[in-house]
Amino acid sequence: MGHHGGAARHRHRRLPHPGLWCAPVHRGLPDPVVHRHGRRRPRRARDLFPLRPRSPREGTRLTSAPLPPRFEPGAIERRWQEAWDQAELGRAPDRPPTPAFTVVLPPPNVTGDLHLGHFLGNTVTDLLVRRSRMSGVPTLWLPGIDHAGLSTQVAVRAHLAKQGIRLEDMSRDQVLAQVEGWKRDHERRILAALRAGGFSLDWSRYRYTMDPAYERATRRAFVALHKAGLVYRGERFVNWDPVLQTAVSDLEVEHSEEPTSLLYLRYPWADGSPGGLLVATVRPETIFGDVAVAVHPDDARHAAAVDRKVRVPLVDREVPVITDPGVDPTFGNGALKITPRHDLLDYEIFQRHPGLPMPPDVIDADGRLASDWVPEQFRGQDREEARKWVTEALRSGGFVDHETPYIHAVGRSERSNAVIEPRLSTQWFVRMAPLTPAVVEAVRSGEVRLYPARWELSFYRWMEKVQDWCISRQVVWGHPIPVYYCPACRHETAAEEPPAKCPECGHAPLTPDPDVLDTWFSSWLWPFATLGWPEDSPDLAHYFPTNLLETGRDIMFFWVARMMMASYYFLGRPPFRDVSFTGILRDLEGRKLSKHLGNSPDPVELLHERGADALRFALLFPSPVDQDGVFGLATLDNARNFLTKVWNLVRFAQAYLPEGVDAPDRAPILTEDSPLENRWILARWRRTVDEFEQALAGYEVTRAVGLLHSFIWYDLADRYVEVSKEALSGHRGEPLRRETQAVLLFTLERTLRLLHPIVPHVTEELWHAIPHRGTLLALAPWPRSNEAPDDPEAIVAMEVVYDAIRTLRSLRAGNRLAPSSSPPAWVRPSGEETAEVLRAQKALVLQQARVGALDFLEAGAPPPAGTAPSVTVHGEFFLALPTETTPAERRALERERAKLSGLLAKTEQRLADTGFRDRAPPEVLKAAEEKAQDLAERVRRIDEHLAADTPTGTG
RNA sequence: GGGCUCGUAGUCCAGCGGUGAAGACGUCGCUCUCACACAGCGAAGAUCGCCGGUUCGAAUCCGGCCGAGCCCA
């Protein structure tokens, strides 16, 4: 494997690492269900209403054996991953017949391993990608990795240091060999992790930022920008990392506030007059590079000092006192020493005063004092160390007037944590200003949308003040800068291929630029370079612009913004339509999950312990994707419990579905006689699909997953299954049994399809355990809500029924009735509609509330004796009690009364308010009036019950 | 210094102008009822950070304060 040498020849059309994860690849699809334990399926039936008889040609699979009682993810996940590979599930067509849905994977850095954040982003993407694929849209999710130049070299450097080897002591080739080895190792681990997560990537299009074609694209971009004058070389202030000895970009510097000491130094007057000028500094070690002392022109305190000369302490060099508006008069004493090579502000002031001499670097590339401007005894000392020694010397020389504690803004290199040394040096830069307008306009016009949209503000703000981007790095690992210098005429040539001789003077050979490019200079081409740019490739035509970028907002500026710049510049089009920012995962203490803090579990380990599906579900379910989310082990337990629930739901269905059932092609046609629960579950399913889709359209993944979760658990499992058991057992007649089987199968099968993009493995397994059509769930058509009928009345009616059931159950539990007892109950419905529903669904109430009878009371009829009452929105319920009303029950009634009369008072108060009557919309007014009536009625009834006091006997 | 986000039951969070403030974990009862105790049923638990304003009406909008976090200099 090693390098992707093939990349240059044709586009990759092979699994990148055969043998990497697929032990022997199985030839066909795996046998779906070959479980050994479990009960034998009961019953047989044929001619199922309204299913058609099974026809053998249609690939319908039968339940071959019951599922084991417990869900064990390990073997199942491996099996289906192999099946998907075998089917080349992720592979996008070369010539998609219809517009495609494209996502590029943010390429993980070969620096390290995947962390949970990657898994979160990938799970969200896989959800959308699988859904798109099932919807019949040609779908491409393109994987790849990033060489991550500087950070990988730093990682390898640290790794070698542990063995006592200094990277700096190795030759360039040795370093490259080391880094290559590291890359191969991590690439293997990253790819194995991606696969274990069940992510349906198109491995045939796998890319690497250093494969030859990609390198060529990077060179093309550089040369084109160079030609356009947007890439230039110049001596500028850069952020210098003295440990890694390279320049880094502004974004790679992390700012923090650190305590230090502010020294007030007395610079003696050059003419020998007593006293001197007080100059405050936190960096006394740079004193040797001073060329002036500056004060603000309006600063009256120092007016007399202007144009005089002072002596730099310790070296006695004479420097002028100058004025410059850039001086902050509130800092220290208002006098600033000017060290042009070691501070950006000083440099700017220096440039406005042409008479000043340019000093040498008094701090060299590795952060040590150097140059003949530095007294011999300090040369070679490290900055930190030198600060102490110089301070000491200043003190003993009597130059320190006083010192104060000071909070200093310090920039540290993201990679080495070394304090950044601002340094004047010759580097390559990208001119950003010409690249930003198209990008800002894209977001403003909505051509590119950010989710959540509130990040747009930070986006604009950054764009407005973006500085030129330093892209040269003085390291080994990376894309060489494609510039060649002529030793003879000094001409510099930027070219995609090394020129044989100097195009100016014909001299040969030329000297290549020794530096490499910032990693992001290749990453910013990712969405189109992976599709074949700069070639006019078919993939670019079919799959670009991409539809979605799912990434962390920590790289919004590093990557997202820059990709947009590159894409608009090179292709004149956006790189993607939607950008969805994944939240940041936190632990229970609210800390960011990070390797550094040691609070970040290894996702691969979790995955092996708990299964990919559980991990995926845990990441999506309680973790707001657009906010930051909390991740803990409780979350994983939750996920496991849910998956077990689904598992058992299918086991239940298996047990009640007869042999020989065909897959549900469409929803069963219900009739006038169909029971409420069948109408209801289909209507609920339909509504769930609608809401699910709506949530996903706005990338509200958490909400979408939550909707499905509660539908499955509370509607399907808790209610429908419980209610339909009677019918499924055949106790309500054969036609109803067949209809209920059909409804159950349809709902379950379609729900597994909906759930599949979230937890693909277990749903694939379960789908194969029930009648279905097709070879893989992953390839089954995406459900449409209108497959099931809309039936709002059924939904309302079921709420009424469950209110009754809940009320009666509560009375049972509150009065400690034996579970086996089934006392009679009465209801006085609050209205005719409720009465009608309850009358029609009486059997359902009896069964679910376990009451022996439910009789309806007339409006004026006295409450039955010996009963416990409860009053709800839908009516008064009475449950016969074996004994008299308990004090506990009386207390419950009193509490209910207090609550209701409180509400009533509030509502009446509102109604009495003329402002409310005049200004509130009529429907709100009406609702309030009805509510007041209802509350008053219920309070009155409770009062009746309380007044009746002791029941007269047993019902 | 500039900007952004978040403070809702013991914990995590939903709701973002009119619903008796949703759910999950945890807690407390009762059930090992023939898919599931990784479960079911029932119950308790919240002055929606504090102060003021706008409005007929505020958890929801505005201002201030207090607390937590993030980003940019």
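Predicted model: local features only at pLDDT ≥ 70, side-chain atom pairs only at ≥ 80, totals over all residues.
Four strands form an open sheet in the order 27-26-29-28, with mixed pairing. The edges of this sheet are strand 27 (853-856) and strand 28 (867-872), each of which pairs on one side only. Neighbouring strands of the sheet are turned against each other by 20 degrees on average, direction ignored.

- Strand 26 (residues 824-829) and strand 27 run parallel and are joined by four bridges.
- Within this pairing, Trp826 has Asp855 of strand 27 as its bridge partner.

**Pairing of strand 11 with strand 9**
- Strand 11 (residues 318-323) pairs with strand 9 (residues 292-295) in the parallel sense, over three bridges.
- Ile322 in strand 11 is the residue that stands opposite Ala294.

**Pairing of strand 11 with strand 10**
- Strand 10 (residues 309-311) pairs with strand 11 in the antiparallel sense, also over three bridges.
- Glu318 in strand 11 stands opposite Arg311.
- Strand 10 and strand 11 make up a hairpin with six residues between the strands.
- In this hairpin, Leu314 takes a positive phi near 75 degrees.

**Background on strand pairing**
- Strands of a sheet pair through backbone hydrogen bonds, in either a parallel or an antiparallel arrangement.
- Strand 11 takes part in both kinds of pairing: parallel with strand 9 and antiparallel with strand 10.

Methods. Residues numbered from 1 in each chain as written. Chains lettered and ligands numbered in written order. Heavy atoms only, no water. Pairing = 2+ DSSP bridges. Helix = DSSP H or I, 4+ residues; strand = E, 2+ residues; numbered from the N terminus. Axes fitted to C-alpha atoms, helices over the stretch in contact; angles between N-to-C directions.
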